[in-house]
Amino acid sequence: MHVWPRALVIVGLVAHASKAHAGGATAAKSAAGSIAGVVSFKGEAPAPKKLVRDSDPVCAATERFNEDIVVTDGKLRDVLVRVTQPPVFDAATLPKQVVINQNQCMYEPRVVGVVAGQALAVQNGDPTFHNVRATLGDQALWNNAHPKAAPAIVKENVGKAGDVVELHCDVHPWMHAYAYVQASPYFAVTNSNGSFTIAGLPPGNYVVEAVHPVLGTKTAKVKIGAGAKAKAKASFTFAAK
Ligand SMILES: [Cu+2]
């Protein structure tokens, strides 16, 4: 007779308990609740700084600006907003790949969320040579040459939930992107309007985390109710460090 190792049983119990805590229900992504809001930047936004890109004529053909902190009318781009104890989800319904393109010698988008198990595909839309070097903190992960017109670089295992994988190009040192590995698809990344919506959440109490690559992390508590109270709001404000 097979005896389950004790550790396995305990892990199973913990997983079940956290599921109940998150939303009180095992929900599909079709639940009616949502958390929407805006991320603002308080104070004077850093002036857009033009990047010097004369080293490569392809890059020099367009004018682009430093994207460490992108503020438009007081709203902050590139903030990843997620619920910290997400309901369960069906991984089979997720897109197989999250795509980052290299366009005008910039990563687009600069910030993505990748659910653990999804692949990351980096495309080269530029008529020039890039390399894509990935790091996790101080750790080197991989480094691929990416000549023009070459197929996408596809990485099946980006990392584990919580990892922040950073992409760099050594040909064009201003290029920098962030792939936040997520435990669930219950996240959104702000566009230049600073707005986000996380949909498909069942009623419950949530801790919502907003993460910016340079400005850090903010959290908020949000309650999703039933019926008319299913559409919850959250807002975050970052300031210069
Ligand atoms: Cu490059």
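The following questions and answers go through a predicted model of one protein chain.

Reader: Which conventions on numbering and pLDDT apply here?
Author: Residues are numbered from 1 along each chain as its sequence is written. In this predicted model local features need pLDDT of at least 70 and side-chain atom pairs count only at pLDDT 80 or more, while totals for chains, interfaces and linings use all residues.

Reader: How many helices and strands does the secondary structure of the protein chain come to?
Author: Helices (H or I, at least four residues) and strands (E, at least two) are DSSP runs, numbered from the N terminus. On that basis the protein chain has two helices and 18 strands.

Reader: What percentage of the residues in the protein chain is buried?
Author: A residue is buried if 20 or more other C-beta atoms lie within 10 Å of its own, exposed if 12 or fewer, and partly exposed in between, with C-beta atoms placed from the backbone. The protein chain has 241 residues, and the buried share is 32%.

Reader: What share of the contacts with a separation of 6 or more comes from residues 24 or more positions apart?
Author: Two residues are in contact if their C-beta atoms, placed from the backbone, lie within 7 Å. Among contacts in the protein chain with a separation of 6 or more, residues 24 or more positions apart account for 66%.

Reader: In the sheet with antiparallel pairing, what is the order of the four strands?
Author: Two strands pair if DSSP finds at least two bridges between them. Strand E14 (187-189) and E17 are at the edges, each with a single partner strand, so one side of each has no neighbour in the sheet. The sheet is open, and its order is E14-E4-E16-E17.

Reader: How many bridges pair E16 with strand E17?
Author: E16 and E17 form a hairpin, with three residues between them. Opposite pairs include Val-211 with Thr-217 in E17 and Glu-209 with Thr-219 in E17. E16 and strand E17 (residues 216-224) run antiparallel, and their bridges number nine.

Reader: Which residue in E16 stands opposite Val-81?
Author: Strand E4 (residues 80-83) and strand E16 (residues 204-212) pair in the antiparallel sense over four bridges. Opposite Val-81, the residue in E16 is Ala-210.

Reader: Is His-212 buried or exposed?
Author: His-212 is found in strand E16. Beyond its neighbours within four places in sequence, His-212 contacts Leu-76, Asp-78, Val-79 and Phe-238. The C-alpha atoms of His-212 and Phe-238 are 8.9 Å apart, although 26 residues separate them along the chain. Because His-212 has 22 other C-beta atoms within 10 Å, His-212 is buried.

Reader: Which residues touch the most other members of the largest nonpolar core?
Author: A nonpolar core is a set of buried Ala, Val, Leu, Ile, Met, Phe, Trp, Tyr and Cys residues joined through C-beta atoms within 7 Å. The largest core has 47 residues, and those touching the most other members are Val-81, Ala-179 and Ile-198.

Reader: Which strand gives this core its largest share?
Author: At least three residues of the core come from each of domain 1 (21-89 + 193-241) and domain 2 (90-183), with domain bounds taken from an automatic or database domain assignment. The largest share is five residues, from strand E13 (residues 176-182).

Reader: In the sheet with mixed pairing, which strands stand at the edges?
Author: This open sheet of four strands has the order E6-E5-E8-E11. Each edge strand has a single partner, so one side of each is left without a neighbour in the sheet; the two are E6 and strand E11 (153-155).

Reader: Which residue in E11 stands opposite Val-122?
Author: Strand E8 (residues 119-124) and E11 pair in the antiparallel sense over three bridges. Opposite Val-122, the residue in E11 is Ile-153.

Reader: Is Cys-105 buried or exposed?
Author: Cys-105 has a positive phi of about 60 degrees although it is not a glycine. Cys-105 lies in the loop between strand E5 (97-103) and E6. Because 23 C-beta neighbours lie inside 10 Å, Cys-105 counts as buried.

Reader: Is Asp-73 buried or exposed?
Author: Asp-73 is not a glycine, yet has a positive phi of about 50 degrees. Asp-73 lies in the loop between strand E2 (71-72) and strand E3 (75-76). Because Asp-73 has 10 other C-beta atoms within 10 Å, Asp-73 is exposed.

Reader: What is the omega of the cis peptide bond that joins Glu-108 and Pro-109?
Author: Pro-109 lies in the loop between strand E6 (106-108) and strand E7 (111-115). For the cis peptide bond from Glu-108 to Pro-109, omega is about -5 degrees.
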